[in-house]
Amino acid sequence: MKKSKAIIAAGIIGLSAFGAIVANNMQQSSLPTFTTAYAQPKQITLPDFVLGDNQEYTKALFKGKWSLVFFGYASCPDICPTELYNLNHVASIMTDAGKVMPQVVFISVDPQRDSNEMLTTYAHFYNDDFMGITGATSEIDKLVAGFGVIYQKTFLANNGQYVSVPYSSPIPEDQRESYLINHSSRLYLVNPEGQYVAAFAPPHSAKKIAADLLKL
């Protein structure tokens with residue numbers, strides 16, 4: 001009798017494990033096979049966060065729609081303007097194909113110099129539907145950790161060498177308005193459940209990004 005119970009218990013455990021594997025595979029199979037985007041091995045649920053001057057942006061921002069997220073800063077001399085320009089091109093391709101463009105969220109990791117009002121103007125320069133937001137560094141870092149983003153202040157030291165330090169570290173007074181930020185330049189795809197599911201690694205091609213997004 002004990003042996004029979006053991007066999008039954010083992011069978012239940014085995015079926016449960018099999019069910020978990022099937023459920024996980026079903027979750028992952030909900031994503032199409034991308035050409036250039038790198039799907040995450042496991043979909044990552046984003047942490048709770050609060051951004052915006054009036055704390056109006058939480059992870060509910062990502063619910064119910066596909067989103068493309070990019071981290072940068074308004075003073076960026078090259079990568080960020082190029083990225084937003086490319087995303088506007090992606091939006092044009094999606095519109096021409098009769099498809100809905102994912103929500104584009106540009107998150108500034110430089111709240112010391114970037115305000116939410118200014119970021120809205122900055123994002124709308126490229127496309128009226130793009131969002132530009134920021135918030136307290138502690139809140140930004142919650143999202144940064146979820147996506148695996150890296151960013152640091154870089155400034156010119158007195159010895160003529162560029163130095164990179166954590167964003168919150170103090171820097172020389174004369175560099176407080178002219179520093180640069182080294183930051184990850186991946187484009188992150190978030191599903192309508194608020195999960196980080198894939199990333200586009202640079203260099204980015206508007207046509208290739210659009211080709212993958214059209215599969216959603």
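Modeller: Let us begin with the surface: the accessible area of the chain comes to about 11700 Å², and carbon and sulfur atoms hold 57% of that. Such areas come from the Shrake-Rupley method with a 1.4 Å probe, and for residues only the protein chains shown count as cover. This is a predicted model, where local features need pLDDT of at least 70 and side-chain atom pairs count only at pLDDT 80 or more, while totals for chains, interfaces and linings use all residues. Residues are numbered from 1 along each chain as its sequence is written, and side-chain values use heavy atoms, with hydrogens and water left out.

Biologist: What share of the 216 residues in the chain is buried?
Modeller: Buried means under 20% relative accessible area, exposed means over 50%, and partly exposed lies in between (1.4 Å probe, protein chains only). Here, buried residues make up 43% of the 216.

Biologist: How many helices and strands does the secondary structure of the chain come to?
Modeller: Helices (H or I, at least four residues) and strands (E, at least two) are DSSP runs, numbered from the N terminus. This chain has 5 helices and 9 strands. Along the sequence they follow the pattern α-β-β-α-β-α-β-α-β-β-β-β-β-α.

Biologist: And how do I read contacts?
Modeller: A contact means heavy atoms within 4.5 Å. Of the contacts in the chain with a separation of 6 or more, 69% are between residues 24 or more positions apart. Leaving aside neighbours within four places in sequence, D212 is in contact with F34, T35, T36, A37 and F200.

Biologist: How many salt bridges does the rule count?
Modeller: Side chains of opposite charge can pair when their charged atoms come close. The cut-off for a salt bridge is a side-chain nitrogen of Lys or Arg within 4 Å of a carboxyl oxygen of Asp or Glu. The count comes to 5 salt bridges. One of them joins D48 and K59, whose closest N and O atoms are 3.1 Å apart. Both residues lie in the loop between β1 (38–45) and β2 (67–72), so the pair ties together parts that are 11 residues apart in sequence. D48 is exposed, with 51% relative accessible area, whereas K59 is partly exposed at 27%.

Biologist: Where do E139 and K142 lie?
Modeller: Both are in helix α4, 3 residues apart, which is about one turn of the helix. E139 is buried at 16% relative accessible area, and K142 is partly exposed at 35%. Another salt bridge links R113 to D110, with the closest N and O atoms 2.7 Å apart. There, R113 is buried at 18% and D110 is buried at 0%.

Biologist: How many aromatic pairs are counted?
Modeller: Rings of Phe, Tyr and Trp (its six-membered ring) pair if their centres lie within 6.5 Å; planes under 30 degrees apart are stacked, over 60 edge-to-face, and the rest tilted. The count comes to 11 aromatic pairs. Among them is the tilted pair of F147 and Y188, 5.0 Å centre to centre with 45° between the planes. F147 lies in helix α4 (residues 137–147) and Y188 in strand β8 (residues 187–190), so the pair ties together parts that are 41 residues apart in sequence. Both F147 and Y188 are buried. Elsewhere, ring pairs link F70, F106, Y122, F125 and Y126 into a cluster.

Biologist: Which rings does K153 sit over?
Modeller: A charge sits over a ring if NZ of Lys or CZ of Arg is within 6 Å of the ring centre and within 35 degrees of the ring normal. The charged end of K153 sits over the ring of Y167, 4.7 Å from its centre. K153 also lies over the face of Y179, at 4.8 Å from that ring centre.
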